[in-house]
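Welcome! Below is a short tour of one structure, with a few loop residues and a chain contact to look at.

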Amino acid sequence: MNHSADKIQKESDQLYRSHYGKMVGWLLYFSSDIDLETAEDIVHDAFASAIVAWRNDGIPANQAGWIFTVCRNKALNKIKERKRITGINHVTHAAVHEPEFSESVLKDQQLKLLFACAHPDLSPKTQVIITLKYVANLKVEAIASVFGMTIDGIDKILVRARQKIRNEKILLAVPNPRSLQARLPIVHKIIYLIYNEGYKSSWGKEILREELCEEALLMNKELLDQNIGNTETAALQALMLFNAARFKARFGPDGELRDLEEQDRSLWNRGLIALGCEFLERSKAGPISPYHYEAAIAYLHCKEKDFKNTDWQSISQLYFHLLKINPNPFVQLNYAIALYYAGEKTMSQKLLKELEEKPFLNQYYLLNATMGKIYLLEKNYTIARSFFNKTLHQTNFEAEKNYIAKMIKKIDEVEGLKS
Amino acid sequence: MQKFLLIIRDDVQRLAKLSREEMNSNILEMTTWVEELAQSGNWVNGEPLMHEGRYVSRDHVLSDGPFIEAKEAVSGYITIRAENLNQAASIAQTCPKVTRNEVVIEVREIMVMDEEVRPSGYKEE
């Protein structure tokens, strides 16, 4: 039976998405003679042959099994080529040993890949990119669109990163629990960054964004389920769940951006909030990390029925502690906002003034939008307007531009009433 | 984590010719990158530099320096936190201006001095 080219492409794309990393991981596990680059080539070849073969013979019932068999044969050929001189005892042994496509081994392999991606020599962004490629099985095109980069740019990063990982033993050896623990903080950061990338309101394609958030939650959950994670992992899980609960409410019916005050809180997902609370509870046994503070802040927002009851006192204290262990101007901005709502206006102004004097920050969309909003609340409309106007060329994103336009319109209305 | 200084070397002649819009989009791009570094916990601080400068030496021969004539000059610096020199270099590589081959970044680890050898009055930031 023949299938249409479209259907075959779709099926193989789906399979690629769900199995690419598993196949690559399995090949590395299958033989220590196969390095990452070869493994990837083999899997790519296998998918290419599938499209040709399935067009002629129809799509097999067990597609993953089909691809897997092709991968195995190709791998054996590669090894034979290399071992021709040294003898093929090892290969024949591997060949008679029918490999099992065991789910648990695959999962371990994928976790191994995740820890291999957390190589301390790579920049966090590179770590995120290779994790999206090898653990989340995202295609290069999708990764490029996430980062607003060209496919070529992503490819270059992948080539460089692959060279690094190739020299690594972590993929081939049985993972040593201690070396995994040492890399756990980096793995956390990768997951956190993938989640944030998905959560950012600033770029399109909502489906892809949600997918990134989901991937991050799943990877992190896997760490906990396999007992590799610790209380920090639990705090991170709580933090991501609390934010996920508000995912949909951040936009109005026409896709317009809604800030915390404007969000319809009945749209917040109570189930996710409850689940987040469980993980927050679990996280309490260990030392306090930045994820703990962020999770606690997110929780305080989630538990209130309306904006005006928000416990800004506690939130600003949490930001204060977060800022102490993670000094960074963007946290300081949030701290200043919390202080403002907590009624500590002088302190808030002082911090904002400090930020305004920093290069880069004074050109930062969120800082100027915040200044605008605060002056608006203080009924200082002229200054508020000047800050909002300043932001207009500081973002390329429609949703953010529209938000500013809405705020300026608000000022126009109030000033219209006065005159 | 150690601290590293990223010294940004730019083509000054090109910078001088940028239009207002180009400058704005450059700033936006760098701000986005800085935000990214802050989010991953690597950002410490940084500042761009003005084009004009002076070279001084013992014989107080002051010149405008090769800042104007030379193609390349330091146009800014950034301090980051990183696991090691390799990671710091890898982070510098993600700078959008490096990606577009507009600047070269020199990456140097900042020396940590022991408590005893610090000159008096030395203050940790």
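Let's begin with Phe360(A), which sits in the loop between helix H16 (345–356) and helix H17 (365–377) of chain A. Helices here are DSSP runs of H or I with at least four residues, strands are runs of E with at least two, and both are numbered from the N terminus. This is a predicted model, in which local features need pLDDT of at least 70, side-chain atom pairs count only at pLDDT 80 or more, and totals for chains, interfaces and linings use all residues. Residues are numbered from 1 along each chain as its sequence is written, while chains are lettered from A and ligands numbered from 1 in the order in which they are written.

- Phe360(A) has a positive phi near 70°, although Phe360(A) is a residue other than glycine.
- Phe360(A) counts as buried because 23 other C-beta atoms lie within 10 Å (buried means 20 or more other C-beta atoms within 10 Å of the residue's own, exposed 12 or fewer, partly exposed in between, with C-beta atoms placed from the backbone).
- Asn227(A), also not a glycine, has a positive phi of about 60°.
- You will find Asn227(A) in the loop between helix H10 (206–225) and helix H11 (231–245) of chain A.
- Asn227(A) is exposed, because it has 8 C-beta neighbours inside 10 Å.

**Where chains A and B touch**
- Chain B brings 26 residues to the contact and chain A brings 21 (two residues are in contact if their C-beta atoms, placed from the backbone, lie within 7 Å).
- On the side of chain B that touches chain A, helix H2 (20–39), strand E2 (43–48) and helix H3 (85–93) of chain B each give two or more residues.
- H2(B) supplies the largest share of that side, 10 residues.
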